[in-house]
Amino acid sequence: MYRFVLLILLVTTSSAGAADADHSQPGSLLPNVVVIGQPPGDPASSVLVPGAEPRAPAVDGADLLRSVNGLSIGRMGGRGLEPVIRGQSQGRLNVLTDGAFVFGACPNRMDPPSSFAATEGWDRITVLKGVQSLLWGGGGTGGTVLYERDDWPAEAGLAGRSGAASTSNGTNYELFGDLGWSTDRYYVRGRAQHTDAGDYEDGNGDKVSSAFEETAATFQTGVSLDGNDLLAFSYDATRAEDVRYPGAGMDAPKDDSDTYRLSYEAPALGGEVSLESWYSKVHHRMDNYSVRNQTAPMAMQVPARSQTIGGRALLERSVGADWRVTLGVDYLDNRRHATRRQGMSPDTIDMVNSFLWPGADLTDLGLTLQGERGLAGGLLTAGMRYDHVEAGAGKADRDPVSPLLLSPNELYRSYYGRAAGDENEDHWSGLLRFERPVGVDGLKVFAGLSRTMRTADATERYLAMNHPSNPRMRWVGNPGLDPEEHRQADLGFTWGLPSLELTGAVFYDDVQDYITPDRARGQDGILLADGARIYRNVDAEIYGAELEARWAIGDYWSIAGSAAWVRAENTDDDRALPQIPPLNGLVELSRTADSWDTGVRLRWADRQSRADDDPTTGSGLDARETPGYGVLDLFLRWTAGGLGELGLGVDNALDKTFADHLNRANQDPFNPDPLQVNEPGRTAWVNWRQAF
């Protein structure tokens, strides 16, 4: 409670100098919803503005996405949440931070790309569900998440914002600041954020090991050389320490990232030219002793790194009287290496146990042609993409010291009959999408068809986890995996009436050579039947539906609701694919009047009875068949002019004990029954924002 008092005092004492601030100009940084390329209410896309709605402080970039219908979140700890769009996640989502790809350095995905998207570092987040564009790189079969920043306003002067937040259960405090200065030709902007989070308690009052500390900073600058162009540079840094993961056998005492970007935009060649380049690096270390008490027989440590370099060139111009066409070239090269070491104690970790990522290197050179034109009163989008993919593992022949442990290539040969080599793939993808109003006032429909290819990632191809005596503890990638072919269709509508808005969509994805995790049981192409965790290609189907509604009741009240359902089937083996969310959604009643917003929200999920939870017949990646839940949240926001904006609320007000189906299982070696990581219990929160 003392943190709440401290923050309220901070609000009242720091706002005195800002009472006369003019917030009418763009430089005031007040929340502003900007939708680019998608109409409001489109069920296939969402545009989010951090801070635009009263809510508890988010722990990372994925946590910011919880309000998107059809998007679910999986938890392994307090930070590093995993977004899932329409049942697809990880390498099936393209996640870009200010146009750049940042790939995590943990083979167990403690740090998915969204974990490096600092929660206060973005002006807008665009979520595209399914395939709506081919310009954002190869793959992206499940969707694309774009964390975006605006250039600094052209108006000369100084502008900025600051804020603080805290909760009674988890986040001890969060502080952030954002300051910029610009002339008519030049701008500079800096952002900084620090979060200190402790272990939260679930609804039973049991402590969940989820603490972390993170500092993030951004520097941006840009100059217009002739008044019509923009040369820009940005640098992002995040430093995370002592990140706890109850759903893993290790924690992360260090998870750092640095990202550099350089871009140039100008009129040229009869249109608009955009050139972008970036370099990102992630250094990650996990172990089983620095943050937790060592319970395993051996002390383990995994230092890992991931380096990504890439670029994109786009030319957008009109062709003829009807088409607006974009020609794109992009390049991506990601290199990862991780080594697991062990010893009898933390002071004697000198023996190599496994080369988890043995110098994995994946490159993708892509060419895209995509255009839009008006047709029959609507808008037609058509595109084609070619990708040339190369993959290799330059250190796959390295041998651990112990004769009981195998090199990566020996592991690959044992399970798949082949070693890692230089792989080359050529992919063709295509997209057709059409939307138009129909006869009923306010009703618009859309339909989309796509064929997209997705190559195996570094873990699916090259992971090489040893165990000398228990094959079930081995985890072995498959260098011979075929790329996935996704053939998708979606159909949807949006219907806007004076006081009611409805949106809905249905989608279907027929996947050939879906890359699924499994257990070695001597299946076709698998040489052993010892229960090791492996990867194989199967055919699969993914389909579902989404529905949203918002009804304005009078001048002040509104009620909103949403529901999303997805089903995913491994059709070769006639069983459910793992990590698929159940039917879920929310219902919200809110009131907006003058300077007050207040409301109540019910988050709910049905039981997930289609679980791949048995490692003797499937992958065992689902912890269990997860029961349904309903969780009540309360929120209030007061906009006090020059005093800023104060938000208050209580999440999980009834102190419900629950876990999302996607949450990882507790891997305590002394707990034979895997338990999902529970979500936080009752959590009171407060936040404050001030713009000037």
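Which backbone nitrogen does the side chain of Gln-193 reach at 3.0 Å? The side chain of Gln-193 reaches the backbone nitrogen of Glu-120.

## Basis of the model

The model is predicted: local features need pLDDT of at least 70 and side-chain atom pairs count only at pLDDT 80 or more, while totals for chains, interfaces and linings use all residues. Residues are numbered from 1 along each chain as its sequence is written, and side-chain values use heavy atoms, with hydrogens and water left out.

## Overall dimensions

The protein chain has 3 helices and 35 strands; helices (H or I, at least four residues) and strands (E, at least two) are DSSP runs numbered from the N terminus. The radius of gyration is 25 Å, close to the 26 Å that the globule rule gives for 692 residues, so the protein chain is as compact as a globular protein of that length. This radius is taken over C-alpha atoms, and the globule rule is 2.2 Å times the number of residues to the power 0.38. Along the principal axes, the C-alpha trace spans about 75 × 65 × 50 Å.

Buried residues make up 55% of the 692 residues, where buried means under 20% relative accessible area, exposed over 50%, and partly exposed in between (1.4 Å probe, protein chains only). The protein chain exposes about 28500 Å², of which carbon and sulfur atoms supply 56%; these areas come from the Shrake-Rupley method with a 1.4 Å probe, and for residues only the protein chains shown count as cover. Of the contacts with a separation of 6 or more, 67% are between residues 24 or more positions apart, a contact being heavy atoms within 4.5 Å.

## Nonpolar cores

The largest nonpolar core has 65 residues. Such a core is a set of buried Ala, Val, Leu, Ile, Met, Phe, Trp, Tyr and Cys residues joined through side-chain atoms within 4.5 Å. Those with the most contacts inside the largest core are Leu-65, Met-110, Ile-125, Val-127, Val-145, Tyr-147 and Tyr-415. Not counting residues up to four places away in sequence, Leu-65 touches Leu-48, Leu-71, Pro-83, Ile-125, Val-127, Val-145 and Tyr-147. A second, separate core of 10 residues includes Val-538, Ala-540, Ile-542 and Leu-577.

Three strands form an open antiparallel sheet in the order 2-3-4; two strands pair if DSSP finds at least two bridges between them. Strand 2 (71-74) and strand 4 (88-89) stand at the edges with a single partner strand each, so one side of each is left without a neighbour in the sheet.

Strand 2 pairs with strand 3 (residues 82-85) over 4 bridges in the antiparallel sense. Within this pairing, Leu-71 stands opposite Ile-85 and Ser-72 opposite Val-84. In a regular strand the side chains alternate between the two faces of the sheet. In strand 2, Leu-71 and Ile-73 point one way and Ser-72 and Gly-74 the other way, and all are buried.

Strand 14 (residues 212-223) and strand 15 (residues 230-243) run antiparallel and are joined by 11 bridges, with Gly-222 opposite Ala-232. These two strands form a hairpin with 6 residues between them, and Gly-227 in the turn has a positive phi of about 90°. Strand 15 also pairs with strand 16 in the antiparallel sense, over 13 bridges; here Ala-237 stands opposite Asp-258.

Asp-255 is found in strand 16 (residues 251-268) and is buried, with a relative accessible area of 0%. The side chain of Asp-255 makes a polar contact of 3.2 Å with the side chain of Arg-79. A polar contact is a pair of N or O atoms within 3.5 Å; within protein, one must be able to donate a hydrogen and the other to accept it, and residues adjacent in sequence count only if both atoms are side-chain atoms. Leaving aside neighbours within four places in sequence, the contacts of Asp-255 include Asp-111, Phe-116, His-283 and His-284.

Gln-193 lies in strand 11 and counts as buried at 6% relative accessibility. Besides the backbone nitrogen of Glu-120, the side chain of Gln-193 meets that of Thr-119 in a polar contact of 2.7 Å.

Asp-196 belongs to strand 11 (residues 186-197) and is buried, with a relative accessible area of 18%. The side chains of Asp-196 and Asn-172 make a polar contact at 2.5 Å. Beyond four places in sequence, Asp-196 is in contact with Thr-171, Asn-172, Tyr-173, Phe-212 and Glu-213.
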